[in-house]
Every structure is written in C-alpha cells, then in structure tokens.
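Biologist: I'd like to learn how to read a few features of a protein model. Could you walk me through them with the structure in view?

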Amino acid sequence: MNHKSGAILVLSGPSGAGKSSLLNKIIGDIGECYFSISTTTRSIREGEINGVHYHFVSEEEFKKDIEDEFFLEYAFVHGNYYGTSIKPVKEALKTGKLVIFDIDVQGNATIINRLGDITTSVFISPPTLSELKKRLEFRSTDTQDVIDRRINMAKREMQRISEYDFLVVNDNIEVAADILKVIANAARVKIPANEINDFVRKWEDI
Ligand code: 5GP
C-alpha cells in the first residue's frame, strides 16, 4: 500500500553538467513522470524546438505572464528570464506523477519554500571546473562571451550546493545515472507532512 500523491524532483547544476543526458538515460526506469517545460526569453539554440525544449517568448510576453501569476517560480539567469508554469505542474501532481524541474539555484530555493515537503532536490556537478570549460567549448553553441558568463555563474552556483538534498558528480555518466535513478525513485515515496496522519489512520483500519 504505497501512497500515491505526486512528488517533485528538482535538478540543478551548471549548463554543461549533463542534466539532460542523465535524465534521458533514466527516464524509462523511474515510472510516470512529467518533465516541466519552462518558458524563457533567451534565444533559441540550434537543434532546439519551441514547445519541446522551452516555450520561447519575448520579454514583454514573459512580463505579462508574471503579472498574471502564471509562474510557480521564475528567475533571471545569464541575462534572460526563465519560469515554470503552475498549471501543468498542478495537473501532473494531481495524477500522482513525478514532476521533474531543470531549474537554477534561485528556482530551487523558491520551490523548497512553496512545496518543500513534496520536493527532493539534486545538484548535478561536473567533476571539475576545467572539465566544465572543456564541455562548454566542445558544445560550441554559444559565443566565448556567453561561455565565460556560464562559467562564472557555475562558480557561484557551486557555493549553494548545501541547499540541496543530494549531490551527484557527473564524472562517469553510467555511474551518475544509476545514482540519479535511485534518488528519483525514492523521491516518489517521500511522505508529505499532511499525509502522515491520514496514512497511519488508514493503516490501523486495515
Ligand atoms: P539554458 O539556457 O542552458 O537552457 O539554461 C540556463 C539555466 O536556466 C540552467 O541552469 C537551467 O537549469 C535554468 N532554468 C531553466 N528553466 C528554468 C526555470 O523555469 N526556472 C529557473 N529558475 N531556472 C531555469
């Protein structure tokens, strides 16, 4: 008799840490999930699809969405706005799904504040700063200026690892994926404080 309410898994970490590759590796082994598609004002990268990787909008549209309280959280990251829409998240939680967010450290702080008791947060780190530089340069979808900004941002984000439940170092992708799979499956059985009494009452009745 496992409890069935939805749960949240936050993944943060510098761009280049390998969050998307790790997620792609484990997605078939962690049960029913909803991956939250964020809205952003940053320009679309080669290979990205509007509505799949992000909802790409203008700054004007984004600000209108803030006014309309459309976001569960939003933040200004690397000179652009990024935000998580409330509505699909609520729907997914209602149907017992594991909702996965790829958001930055500011977003994680907001989610912990608002929905901390159903949230498990994971910081994914590249093994070293020099490896991160190598990965960002190899990816080469960004200009040197943007890469430098991401590296400085990464250094700042690494200072906030203690705000997370788990740290996964993505050195060997197979090993990191195995660890993340265990965490994602455990996130589903985290018990929200308001359900404990209910669960014990039902358990005693059976
Ligand atoms: P990128 O531009 O590389 O796709 O993402 C840049 C950063 O923005 C990453 O650290 C990513 O986790 C973060 N990010 C993406 N979507 C959201 C969001 O909806 N909210 C917040 N707070 N951060 C986000």
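Biologist: In which sense do strand β3 and strand β6 pair, and over how many bridges?

Modeller: Strands of a sheet pair through backbone hydrogen bonds, either parallel or antiparallel. In this predicted model, strand β3 (residues 39-40) runs antiparallel to strand β6 (residues 80-85), with 2 bridges between them. For a spot to look at, find Thr39, which stands opposite Gly83 in β6.

Biologist: What is the strand order of the open sheet?

Modeller: The open sheet has 4 strands in the order β4-β3-β6-β5, and its pairing is mixed. At the edges are β4 (55-56) and β5 (71-77), each of which pairs on one side only.

Biologist: Now a single residue, please. Is Ser121 buried or exposed?

Modeller: The idea is to compare its relative accessible area with a cut-off: under 20% is called buried. Ser121 has a relative accessible area of 0%, so this residue is buried. Ser121 belongs to strand β8 (residues 119-125). Leaving aside residues up to four places away in sequence, Ser121 touches Val10, Asn108, Ile112, Glu163, Tyr164, Asp165 and Phe166.

Biologist: And the surface? Which residues make the nonpolar patch?

Modeller: Ile191, Ile196, Phe199, Val200 and Trp203 make a nonpolar surface patch of about 480 Å². Take Ile196, in helix α8 (residues 193-205). Ile196 is partly exposed because its relative accessible area is 41%.

Key: Residues numbered from 1 in each chain as written. Predicted model: local features only at pLDDT ≥ 70, side-chain atom pairs only at ≥ 80, totals over all residues. Heavy atoms only, no water. Pairing = 2+ DSSP bridges. Buried < 20%, exposed > 50% of the residue type's maximum accessible area, 1.4 Å probe, protein only. Contact = heavy atoms within 4.5 Å. Patch = residues over 30% accessible without salt bridge, like charges linked within 9 Å, V, L, I, M, F, W, Y side chains within 5 Å. Areas by Shrake-Rupley, 256 points an atom, 1.4 Å probe, with all protein chains shown as cover. Salt bridge = Lys/Arg side-chain N within 4 Å of Asp/Glu carboxyl O.
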